[in-house]
Structure formats: C-alpha cells, structure tokens
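Have a look at the sequence and the structure on the screen, and then I'll walk you through some of the details.

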Amino acid sequence: MKKNIAIFLLIVASFALVFKFVIWDNSEPMRNNYQTEATEAVSDELAQPNSENDDFARTMKKHSKKVGLNRKSLFLRLGNSYTLSVRNNKKKVTWSSANKGIATVNNKGKVKGLREGNTKVTAKIKGKSFSCKVYVRQGVQASESEPNKKGEGGTYSFRSQSQLKSHYIKHGKETKSSSEAEYLQKANAVISNPMSKHKLESEDNDHIYYLEESNEITFVSQDGYIRTYFVCDGKDYFEKQ
C-alpha cells in the first residue's frame, strides 16, 4: 500500500515539473511581450502632443497678457454701480463717459447707472483708448463679480476646446450653428445683446443671459468661461434658474 502511494506521488510530481518547465515557462515571453506592448502603446498615446489644446492654451495665454478693459460691454440696473478695471496695466488711467446723464464714471473706474439708455465709458492710457459699451436698464442685474475672462475681440470662450466641441455637438443643431466657431459666436451674441435679460444662477451664482425673442440662453461661470449655450423652453425656464 505504501509503495503504491509513493508511486502515485512520484507521478503527480513529474506532471507538475513538466507543466512548469514546458508549458508555463514557455508562455512567459508571450505574457511579457503582451504587457510590454500594452505599456508602450499607452506611453505612446500619452506622449502624443495634443495640438488642438496646445493652440488653444497658447491663444489664451497670448491674450491674457494684453492691456485692455475687463469688460467690452456692461449691463447695469438703474442706480447700481460696477467698477471697471484695466488688465496688465500699471500706468495712469483717465476715465470718461460719453453721456454722463446715462452713466457716470469716477477716477477709479466705478460706473454708475443714472437713467435708462446706452453710452460708452472710455479708459485712456498714454494716447491709447479702451472702451466699454454700457447699457443701463430697469430690469437687468449686475454685480461686482461679472465674468471677466475674454479672448480676442472681447469675446468669451469655453474653458477648453474639447468643451466647446462637446457642447456644439449637443446643441449645434437647435441653435442653427453650422460650426463650432459659429456656435461660440452665437453664444457671445446673447451675452452682448442689450435686449438679453441677465441674472445670477441661484445654485452656484453663475451668470445667465437670456434672449426672450429666440429663447436662446448662455451660462457663464463666475471665473469668466462659457458653460453652455442652447435654446431653452422659455422665460419660465430662465426665471427658475
């Protein structure tokens, strides 16, 4: 009996050795090659430059260094005030209002709406002028935390090119935009339109611009980037935000 058990254990041990040296060890290079190829593929993917995002970052960095007003247009509730500022400037600024009956501006850039209408506030710095269109209305809302990050031409942008692309894919058709550039242009048109209603979102205090005649609506974050732009269900939707 003991002899039979010993023979059986010897046979099992022999099979184990054959499996290890013939099957398992021979498959090791294949496993290693697969892991190496997968790792290299991921590394190559991460190493590829994203030219689209790089161009976007370079453009934003370039414009962030330019001297200019923090606003190209300003909506003020009648009787309210807002302080304009000049970016990237340490020189003396001379402020003026084209129509002091509609809005005044002091030597600190503080604009106050006196009566309904449109005017222009100008900041002069050593012969160079920078202007902001001011719209004073009874029913609009302004705050000291108006969004102020704009790119070329005083327009707002999305936080990244990929965000612009995803929102264009989602809302491009309903906004009748034929391209990402047109979608961004239309979002900015709602913001700058003097007929657009403006309020702060109750949940996170972001800015909302709503054009009632077309039900277009644009959301702008507190740090000055477009969150989204689309056609909403109507005025009730705007008022509930």
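This is a predicted model: local features need pLDDT of at least 70, side-chain atom pairs count only at pLDDT 80 or more; totals for chains, interfaces and linings use all residues.

How many bridges join E5 to strand E8, and do they run parallel or antiparallel? There are four bridges between E5 (residues 94-97) and E8 (residues 117-125), and the two run antiparallel. Two strands count as paired here if DSSP finds at least two bridges between them.

Before going further, a word on the source. Residues are numbered from 1 along each chain as its sequence is written, and side-chain values use heavy atoms, with hydrogens and water left out.

Now the overview. The protein has five helices and 13 strands; these are DSSP runs numbered from the N terminus, helices being H or I with at least four residues and strands being E with at least two. Of its 241 residues, 35% count as buried. Buried means under 20% relative accessible area, exposed means over 50%, and partly exposed is in between, with a 1.4 Å probe and protein chains only. Among contacts with a separation of 6 or more, 52% come from residues 24 or more positions apart, a contact being heavy atoms within 4.5 Å.

Back to E5. Trp95 and Ser97 make up its covered face, while Thr94 and Ser96 make up the uncovered one. Threonine 94 has lysine 124 in E8 as its bridge partner.

Next, a three-strand open sheet: the order is E3-E7-E6, with antiparallel pairing. Strand E3 (81-83) and strand E6 (103-105) are at the edges with a single partner strand each, so one side of each has no neighbour in the sheet. From one strand to the next, the twist averages 20°, where axes are lines fitted to C-alpha atoms, for helices over the stretch in contact, and angles run from 0 to 180 degrees between N-to-C directions. E6 pairs with strand E7 (residues 110-113) over three bridges, and valine 105 stands opposite valine 111 in E7.

On to helix H3 (residues 161-171). Which of its residues are buried? Gln161, Leu164, Tyr168 and His171 are. Down the axis of H3, these buried residues fall within an arc of 115°, so they line one face of the helix; the arc is that of the directions from the helix axis to the C-beta atoms. Ile169 and Lys170, on the other side of H3, are exposed.

Is threonine 218 buried or exposed? Threonine 218 is buried, with a relative accessible area of 0%. Leaving out residues up to four places away in sequence, threonine 218 touches several others, including Val190, His207 and Tyr229. A polar atom of its side chain lies 3.2 Å from the backbone oxygen of alanine 187.

Finally, two lysines with positive phi. Most residues other than glycine have a negative phi. Lysine 126, in the loop between E8 and E9, has phi near 50° and is exposed at 72% relative accessible area. Lysine 176, in the loop between H3 and helix H4 (180-192), has phi near 55° and is exposed at 69%.

Key
A polar contact is a pair of N or O atoms within 3.5 Å; within protein, one must be able to donate a hydrogen and the other to accept it, and residues adjacent in sequence count only if both atoms are side-chain atoms.
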